[in-house]
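Subject: A structure for you to look at

Hello,

I have a structure to hand over to you, and I hope you enjoy exploring it. Please open it first, and then read on with it beside you.

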Amino acid sequence: MQITLSINGQNHGVDAPAATLLVEALRDHLGLTGTHIGCDTSQCGACHVLLDGVAVKACTVLAAQAQGQAITTIEGLGTQQALHPMQQAFRDAHGLQCGFCTPGMVMAGLEIVRRHGTQLTPELVAHELEGNLCRCTGYMNIIKAIVAGAAAMEQSHA
Amino acid sequence: MHDFALHRPRSLSEATAQFASGGEAAYLAGGHTLLPAMKSRLRMPDALVDLSGLGLSGIHREGDRLWIGAMTRHADVASGATAIPALASLAAGIGDAQVRNRGTLGGSVANNDPAADYPAAVLGLDAVVETDRATHAADDFFQGMFTTALADGEIITRIGFAIPQAAAYAKFRHPASRYAIVGVFVARFAAGWRVAVTGAGPGVFRWAEAEAALAAGQGANGVTLAADDLNSDIHAGAEYRAHLAGVMLRQAVATLA
Ligand SMILES: Cc1cc2nc3c(=O)[nH]c(=O)nc-3n(C[C@H](O)[C@H](O)[C@H](O)COP(=O)(O)OP(=O)(O)OC[C@H]3O[C@@H](n4cnc5c(N)ncnc54)[C@H](O)[C@@H]3O)c2cc1C
Ligand code: FES
Ligand code: FES
């Protein structure tokens with residue numbers, strides 16, 4: 001079927017079977033490989049993207065269901081030269097090791113800011129991150145990164 | 001995933017006609033049970049009928065009931081079911097934030113997973129389940145593991161929860177899946193108490209001994225649940241679940257609001 005997706009402010013046409021997951025359309029059809037696939041059971045959060053600003057698991061949404069909504073992927077947040085404050089915070093706080101979970105973690109950070117604002121406590125972030133798994137870091141620096149990234153978003157009005 | 005035909009009806013009658021148009025069909029709500037089941041090929045429908053275009057979401061109060069549309073997402077119940085705080089907090093404890101941003105009330109209730117949270121609230125709050133063709137009382141709706149009173153192709157449109165004097169839900173969640181190992185919903189009405197248990201048995205059930213003890217003003221301390229018909233699996237044995245039900249009951253009673 002013909003599917004039109006609005007990704008990071010641009011429309012893309014995809015000709016794909018109805019069974020195509022949003023994450024497959026992004027990665028396999030459009031080459032946007034920043035969104036990762038870490039599990040087959042909807043539990044790891046590596047695939048998080050924003051649909052109209054709300055974080056969802058792109059592995060558990062059909063591409064066809066995302067038509068008509070604004071999709072934001074990790075590629076749409078910042079540029080190599082000017083990272084989004086949440087991305088910059090992950091870099092500054094060493095919020096990653098292998099980096100596999102990181103795109104999903106950054107998106108989860110933005111979801112936490114959407115629901116709780118920019119003044120966050122480590123306890124709240126730890127609780128709200130329950131939909132994201134990391135195999136490397138032990139989470140402490142991820143939590144620090146999200147607290148700092150949220151505060152930086154307040155300053156930069158990102 | 002096997003491919004399928006995707007239908008996007010604009011009315012209930014269109015949806016039921018598409019459901020019956022040949023082959024195995026399934027309704028698609030939030031997709032957070034159906035799509036994982038399709039990914040693992042537990043289900044391979046020939047057609048999906050997407051319920052998102054039917055205007056089935058929203059929350060409003062009518063007299064002594066809080067009506068919630070079948071397509072209302074868990075996150076919206078968590079923030080919007082203020083008339084029944086126990087229901088809002090139950091919704092806020094389903095899965096994780098991203099699951100709550102997609103999953104729906106109707107999908108959870110139609111699926112009737114023996115460890116799902118909503119069935120405990122539907123039964124505990126003496127809800128009525130309205131469909132495109134009938135109205136089901138909660139006491140008749142849940143019929144054991146993944147089985148409900150819904151006929152093939154019947155669509156839940158909205159669910160009316162009786163507003164209690166006080167209620168609470170206590171859940172011991174499985175740390176990985178976050179479903180209930182045991183969850184107990186307690187509600188006090190002018191007419192008496194209702195206690196519903198999920199996760200422990202092959203389907204959600206009312207706990208008559210607990211209801212009687214609370215109605216008699218004896219509190220929850222001496223109430224026990226027989227392990228005979230409870231689930232035993234790699235996560236917890238039947239004896240453990242029976243004990244846990246008592247612990248969850250006392251936690252719920254201690255936090256009634
Ligand atoms: C990682 C993860 C964690 C989860 N944790 C929990 C948890 O802690 N507690 C919990 O209770 N659940 C949990 N769930 C399940 C989640 O709540 C699902 O959203 C819910 O069970 C199904 O709702 P849905 O809208 O996604 O339905 P779908 O997956 O779209 O549909 C489920 C079934 O119901 C049918 N259906 C859907 N809507 C209707 C309708 N209106 N009328 C008739 N039939 C309909 C469908 O055909 C399908 O058979 C979890 C899911 C995931 C992926
Ligand atoms: S890939 Fe989507 S949750 Fe794991
Ligand atoms: S940094 Fe390796 S999985 Fe998180």
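Predicted model: local features only at pLDDT ≥ 70, side-chain atom pairs only at ≥ 80, totals over all residues.

Two packed helices are described by the angle between their axes and the distance between the axes. You will meet both values for each pair here.

Start with helix 2 (residues 85–92) and helix 5 (residues 140–156) of chain A, whose axes come within 8 Å and cross at roughly 140 degrees. That angle makes helix 2 of chain A oblique to helix 5 of chain A, and the crossing of this pair is right-handed. If you want to find the contact on screen, look in helix 2 of chain A for Pro85(A), Met86(A), Ala89(A) and Phe90(A). Their partners in helix 5 of chain A include Ile142(A), Ala145(A), Ile146(A), Gly149(A) and Met153(A). Sorted by class, the residues of this contact are eleven nonpolar, two polar and no charged.

Next, turn to helix 3 (residues 102–116) of chain A, which packs on helix 5 of chain A at an angle of about 50 degrees, with the axes 10 Å apart. Helix 3 and helix 5 of chain A are therefore oblique to each other, and helix 3 of chain A passes helix 5 of chain A in a right-handed crossing. Met105(A), Gly109(A), Leu110(A), Ile112(A) and Val113(A) of helix 3 of chain A make this contact with Ile142(A), Ile146(A), Ala150(A) and Met153(A) of helix 5 of chain A. Here the classes are eight nonpolar, one polar and no charged.

The last pair is helix 2 and helix 3 of chain A, packed at an angle of about 125 degrees with their axes 10 Å apart. This pair is therefore oblique too, and the crossing is right-handed. Helix 2 of chain A brings Met86(A), Gln87(A) and Phe90(A) to the contact, while helix 3 of chain A brings Thr102(A), Met105(A), Val106(A), Gly109(A), Leu110(A) and Val113(A). This contact has six nonpolar, three polar and no charged residues.

The size of an interface is often given as the accessible area lost when the parts come together. Between chain A and chain B, the buried area is about 2,100 Å², and carbon and sulfur atoms give 53% of it. On the side of chain A, Thr60(A), Gln65(A) and Glu130(A) supply 26% of the area that the chain buries against chain B, more than any other three residues. In terms of residues, 28 of chain A are in contact with 27 of chain B.

How many salt bridges are there between chain A and chain B? The count is three. In one of them, Glu130(A) pairs with Arg100(B), and the closest N and O atoms are 4.0 Å apart. In another, the side chains of Asp96(B) and Lys57(A) meet at 2.8 Å, N to O. Asp96(B) lies in the loop between helix 4 (85–92) and helix 5 (97–100) of chain B and Lys57(A) in strand 4 (residues 54–57) of chain A, so this pair joins two chains. Over all chains, the count comes to 17 salt bridges.

Best wishes, and happy exploring!

Note on methods: Residues numbered from 1 in each chain as written. Chains lettered and ligands numbered in written order. Heavy atoms only, no water. Axes fitted to C-alpha atoms, helices over the stretch in contact; angles between N-to-C directions. Helix = DSSP H or I, 4+ residues; strand = E, 2+ residues; numbered from the N terminus. Parallel < 35°, antiparallel > 145°, perpendicular 65-115°, else oblique. Left-handed = near helix turned anticlockwise from the far one by under 90°. Contact = heavy atoms within 4.5 Å. Nonpolar A, V, L, I, M, F, W, Y, C, P; charged D, E, K, R; others polar. Buried area = accessible area lost by both parts, 1.4 Å probe.
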